[in-house]
Amino acid sequence: MIKAIVTDIEGTTTDIHFVHKVLFPYSRERMAEYVTANEYNPMIVPSLNEVRQQLTPTATLEDVIQQLLSWIDHDVKMGSLKAIQGHIWQTGFEQGHFTGHVYPDAYENLVKWHQAGIALYIYSSGSVKAQQLLFGHSDFGDLRYLFKGHFDTEIGGKKEATSYQNILETIGLTGNEVLFLSDVVAELDAAKANHINTYLLNRDHQIIEQNTHPECDSFSKIQVL
């Protein structure tokens, strides 16, 4: 019996193009101005220091900004970048520059599963803050009430089996009580190594790599209840 569902965001609940064509360009355009204005902001300083550690302790602010822009351009999953992007995106969401895209079938079934008493969690490479912003300002309004918890790469890399073991320990369930949804086969493989049930979301039927997981193109086709 499935007691909890853990879902990815990009390509699963949300169009992957929303992140790459809306959120990333928005943060890139505003990165230099934001970092310059918040160089001494206690909320930002730890992230800037992490970037300097990747470069050199004497790196200038301009060096830090250029590194952050480079990470955006190459979609590098760095915690310091994600944290700063989260603050920039917060402004965008709160000022109504965009809303968080959620597929209608994902919304309808997340609500149904929540009402059925299934615990819902998010596991994404985006920071917990960014996750909460997206679902807090979604196309369907504030959906944060649906989720019992959020995980990002602080729990571990999404293609690492130990990450899913850590999630199971955190939520207090065994693998056969949990379902993980993703559009990335390697992530599903890592979850399956912990006996977690899996579903591959192949929304546009573009995933052609070898796959041993149940597959669907919509949340509506996932058998849970």
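Reader: What does the accessible surface of the protein come to, and how much of it belongs to carbon and sulfur atoms?
Author: In this predicted model, the accessible surface is about 10,800 Å². Carbon and sulfur atoms hold 50% of that area.

Reader: Why is the pair of Tyr123 and Phe180 called tilted?
Author: A search of the whole structure gives 11 aromatic pairs. In the pair of Tyr123 and Phe180, the ring centres are 6.5 Å apart and the planes stand at 45 degrees. Stacked needs under 30 degrees and edge-to-face needs over 60, so 45 degrees makes this pair tilted.

Reader: Which parts does this pair tie together?
Author: Tyr123 belongs to strand S2 (residues 119-123) and Phe180 to strand S4 (residues 178-182). The pair therefore links parts 57 residues apart in sequence.

Reader: How do you know whether Tyr123 and Phe180 are buried or exposed?
Author: Buried means under 20% relative accessible area. Tyr123 has 0%, and Phe180 has 1%. Both values fall under the cut-off, so both residues count as buried.

Reader: What makes the charged end of Lys158 sit over the ring of Tyr123?
Author: The distance limit is 6 Å from the ring centre, with a further limit of 35 degrees from the ring normal. The charged end of Lys158 is 5.4 Å from the centre of the Tyr123 ring, and it sits over that ring. Arg203 has its charged end over the ring of Tyr103, 3.8 Å from the centre.

Technical notes: Residues numbered from 1 in each chain as written. Predicted model: local features only at pLDDT ≥ 70, side-chain atom pairs only at ≥ 80, totals over all residues. Heavy atoms only, no water. Phe/Tyr/Trp six-rings, centres within 6.5 Å; stacked < 30°, edge-to-face > 60°. Helix = DSSP H or I, 4+ residues; strand = E, 2+ residues; numbered from the N terminus. Buried < 20%, exposed > 50% of the residue type's maximum accessible area, 1.4 Å probe, protein only. Areas by Shrake-Rupley, 256 points an atom, 1.4 Å probe, with all protein chains shown as cover.
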